[in-house]
Amino acid sequence: SLQGPELSLGANATIEWVNDLQLSLEAALKRLDHQHWLDDWPAGHPVHGELAVKWRGDDLEIPNFRLAVGETPFSSSGHGVFDIPAGVVEAELNWTDFNWPPGSSSPAVGSRNGQFSVSGRPEDWTLDGGFFLLAGAVPEGHVKLSGSGDLESLDIAIHQAKVLAGEISGNVSWNWTQSQPFELELSASAVEFTPLLPQYPGKLNTRLTASGALQPFVLQADLQRLDGIILDHPFTAAGGFHVDQDQVFADRLVLESGDSRLSLDGSLYQEDGVSFSAQIESMEQFSGELAGALSAQGVLSLHPDSPRISATLSGQQIKLGPVEIGMIETRELAQGTGDPGSEFIFTGLVLNDRPVESLALRHAGRTPLEDIGLAVLAEDMELNLALKGSINDWGDPLNSGWKGALSEFQVSREDGLGLSLNRAANLECCLLYT
């Protein structure tokens with residue numbers, strides 16, 4: 001037995017080795033407290049249950065399995081047999097009154113009951129089952145599954161499941177040998193995701209296909225259809241994405257809402273980078289703290305050997321919380337002035353009720369953030385500064401930090417007061433996490 005402040009477990013086991021090695025185990029979990037490991041697990045709801053196991057060579061039997069949570073009505077039970085020599089596969093799992101979080105009077109997700117069963121032979125078995133699902137205030141739904149498999153693979157079908165006030169159907173197949181390939185087809189109609197994302201209420205329709213493998217992990221996903229409503233604004237999406245060698249690639253991915261459009265193509269960590277284009281006619285549709293029209297396009301690459309930032313930005317009558325910007329425009333720096341770069345010019349600014357006539361942010365150099373300049377012209381003050389340096393490691397730009405020098409710093413006021421830097425000052429910057 002094991003006894004502790006978070007765990008109480010008792011078990012009896014018998015091992016025989018006269019002919020074949022055999023094991024019989026009966027265990028009773030009296031208390032397992034999850035709240036120190038799972039932040040959302042409520043106090044006073046420990047898990048308890050029972051388990052019986054019999055094992056002999058290629059024969060595994062689970063005569064009894066039972067699980068419960070504290071004093072809640074939730075319970076789960078099951079049993080199973082996996083006997084290869086006899087050619088028998090039989091298992092069953094069921095539950096009642098599942099809620100998350102456990103014991104909550106208004107759970108985010110609940111299931112009043114569910115049941116799954118597997119039967120057949122190891123090389124030819126079938127699966128049947130289903131469960132009820134309740135999320136938020138939407139009507140209760142029901143999911144029905146069926147499938148088949150053998151010793152190497154499985155195929156599962158979702159039959160017109162009523163979920164989140166909509167319908168979902170699809171197929172999943174997986175082979176767990178060699179590279180472990182898989183395929184997925186999914187269709188959803190009028191599914192409300194408000195209970196899952198209450199900050200972004202809405203519903204969606206989609207039809208997508210995906211395929212890939214787990215060893216090593218590769219994935220190709222294609223959006224044949226994706227549309228719906230979010231925050232009372234209709235949206236559509238098309239394109240796809242794929243994952244290869246731990247890198248994510250956007251494949252002509254396009255998202256549209258009204259007259260606004262966002263497109264992505266490529267990968268952030270490839271030499272060619274990811275090309276982007278955004279045309280937002282009214283940022284107010286995303287938040288009451290935003291306003292104005294904004295347009296951006298360019299290429300961004302964080303490839304360690306050839307990082308690149310190339311972008312143009314324009315906008316007018318922009319509001320970002322307490323910041324107001326009359327106009328944004330981009331001016332390309334001429335090649336003859338040194339390394340190519342750009343200057344973003346902001347005019348008609350108001351920062352916390354203080355007017356700023358203009359702000360110009362310049363960047364140039366063979367690599368991004370190598371030559372940075374800032375010029376600010378306010379009602380009674382003018383500021384100019386320049387930084388020269390580089391990111392320490394483009395393989396990990398956020399954590400490696402920037403190292404260089406403050407090569408220029410000058411402040412002048414209308415009343416004649418001023419401050420300037422006599423010589424360059426070494427400077428290092430890095431992100432601090434709390």
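User: Where is the place of Pro 101?

Analyst: Pro 101 has its place in the loop between S7 and strand S8 (109-121), where strands (E, at least two residues) and helices (H or I, at least four) are DSSP runs numbered from the N terminus. The peptide bond leading from Trp 100 into Pro 101 is cis, with omega near 0°. This is a predicted model, in which local features need pLDDT of at least 70 and side-chain atom pairs count only at pLDDT 80 or more, whereas totals for chains, interfaces and linings use all residues. Residues are numbered from 1 along each chain as its sequence is written, and side-chain values use heavy atoms, with hydrogens and water left out.

User: How many aromatic pairs does the rule give?

Analyst: Rings of Phe, Tyr and Trp (its six-membered ring) pair if their centres lie within 6.5 Å, and planes under 30 degrees apart count as stacked, over 60 as edge-to-face and the rest as tilted. By this rule there are six aromatic pairs.

User: Why is the pair of Trp 95 and Phe 131 called tilted?

Analyst: The centres of Trp 95 and Phe 131 are 6.1 Å apart with 45° between the planes, and since that angle is neither under the stacked limit nor over the edge-to-face limit, the pair counts as tilted. It also links distant parts of the chain, with Trp 95 in strand S7 (residues 88-100) and Phe 131 in strand S9 (residues 124-135), 36 residues apart.

User: What makes Trp 95 buried?

Analyst: Buried means under 20% relative accessible area, exposed over 50%, and partly exposed in between (1.4 Å probe, protein chains only). Trp 95 has 16% relative accessibility, so it counts as buried.

User: What makes the pair of Trp 174 and Trp 176 edge-to-face?

Analyst: Trp 174 and Trp 176 have 65° between their planes and lie 5.3 Å centre to centre, so they pass both the distance limit and the edge-to-face limit. Trp 174, at 29%, is partly exposed, and Trp 176, at 31%, likewise counts as partly exposed.

User: How do you know that Gln 178 is exposed?

Analyst: Gln 178 reaches 79% relative accessibility, which is over the limit for exposed, so the label applies. Gln 178 lies in the loop between strand S12 (166-175) and strand S13 (181-192), and its phi is near 50°, a positive value in a residue other than glycine.

User: What makes the approach of Ser 260 to Glu 281 a polar contact?

Analyst: A polar contact is a pair of N or O atoms within 3.5 Å; within protein, one must be able to donate a hydrogen and the other to accept it, and residues adjacent in sequence count only if both atoms are side-chain atoms. A polar atom of the Ser 260 side chain lies 3.1 Å from the backbone nitrogen of Glu 281, so the distance is within the limit.
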